[in-house]
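Here is a friendly tour of a protein model, written for someone who likes to know the cut-offs behind each term. Please keep the viewer open while you read.

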Amino acid sequence: MQILNNRFGGYSTAALWMNRGGLDITISQNVMDGANIAGSAQAIFCNGPQSYLGLWITNNWIINNKGRYGFFVNGNHNVSESLTRAASISGTCSTTTCKV
């Protein structure tokens with residue numbers, strides 16, 4: 001599965017709520033604007049106990065998410081390598097690390 005080149009806004013709990021696991025999921029080049037986020041929510045949520053093997057989160061821009069998680073996995077060791085690639089988080093930044 002690929003989630004590419006999207007703009008997420010107006011969400012109150014998560015821009016991406018992944019309730020099922022997957023293999024070689026790529027989340028790349030998205031803007032996630034958490035201006036309406038409530039409580040202790042996060043931009044990307046992976047529900048456990050599902051597995052996310054080979055998950056790539058790359059080159060996303062998470063903005064207005066102050067004091068909350070950009071990426072949260074509800075589980076124990078359920079993000080790791082697949083048969084074809086290692087899991088990776090790279091090039092993703094928030095308003096505190098990126099300049100507009």
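This is a predicted model: local features need pLDDT of at least 70, side-chain atom pairs count only at pLDDT 80 or more; totals for chains, interfaces and linings use all residues.

Residues are numbered from 1 along each chain as its sequence is written, and side-chain values use heavy atoms, with hydrogens and water left out.

**Strands and sheets**

Strands here are DSSP runs of E with at least two residues, numbered from the N terminus. Two strands pair if DSSP finds at least two bridges between them.

Let us begin with an open sheet of four strands, ordered β1-β5-β9-β13 and paired in parallel. Its edge strands, each pairing on one side only, are β1 (2–4) and β13 (88–90). From one strand to the next, the twist averages 5°; for such angles, axes are lines fitted to C-alpha atoms, and the angles run from 0 to 180 degrees between N-to-C directions. Within this sheet, three bridges link β1 to strand β5 (residues 26–28) in the parallel sense, and Gln2 has Thr26 of β5 opposite.

Another open sheet has three strands in the order β4-β8-β12, again with parallel pairing. Here β4 (22–23) and β12 (79–80) are the edge strands, and each pairs on one side only. The parallel strands β8 and β12 are joined by two bridges, with Tyr52 having Val79 in β12 as its bridge partner.

Strand β7 deserves a look of its own. It pairs in the parallel sense with β3 over three bridges and with β11, also in the parallel sense, over four bridges. Ile44 of β7 stands opposite Leu16 and also opposite Phe71 in β11. Because five of the five residues of β7 are buried, this strand is largely enclosed by the rest of the structure. Buried means under 20% relative accessible area, exposed means over 50%, and partly exposed lies in between (1.4 Å probe, protein chains only).

**Aromatic rings**

A pair of aromatic rings is described by the distance of the centres and the angle of the planes. Rings of Phe, Tyr and Trp (its six-membered ring) pair if their centres lie within 6.5 Å; planes under 30 degrees apart count as stacked, over 60 as edge-to-face and the rest as tilted. The structure holds three aromatic pairs, and two of them are set out in the table.

| Pair | Centre to centre | Angle between planes | Class |
|---|---|---|---|
| Trp17 and Phe45 | 4.3 Å | 40° | tilted |
| Phe45 and Phe72 | 6.0 Å | 5° | stacked |

Together, Trp17, Phe45, Tyr69 and Phe72 make up one aromatic cluster.

Elsewhere, Arg85 lies over the face of Trp56, 3.8 Å from the ring centre. A charge sits over a ring if NZ of Lys or CZ of Arg is within 6 Å of the ring centre and within 35 degrees of the ring normal.

**Two asparagines in loops**

Is Asn47 buried or exposed? Asn47 is buried, with a relative accessible area of 18%, and sits in the loop between β7 and β8 (52–53). The side chains of Asn47 and Asn19 are joined by a polar contact of 2.5 Å. A polar contact is a pair of N or O atoms within 3.5 Å; within protein, one must be able to donate a hydrogen and the other to accept it, and residues adjacent in sequence count only if both atoms are side-chain atoms. Not counting residues up to four places away in sequence, Asn47 touches Met18, Asn19, Tyr52, Asn74 and Asn78, where contact means heavy atoms within 4.5 Å.

Asn59 occupies the loop between β9 (56–58) and β10 (61–63) and is partly exposed at 43% relative accessibility. Leaving aside neighbours within four places in sequence, the contacts of Asn59 include Ser28, Asn30, Ser90 and Thr92. Asn59 and Ala38 are 21 residues apart in sequence and 24 Å apart in space, C-alpha to C-alpha.
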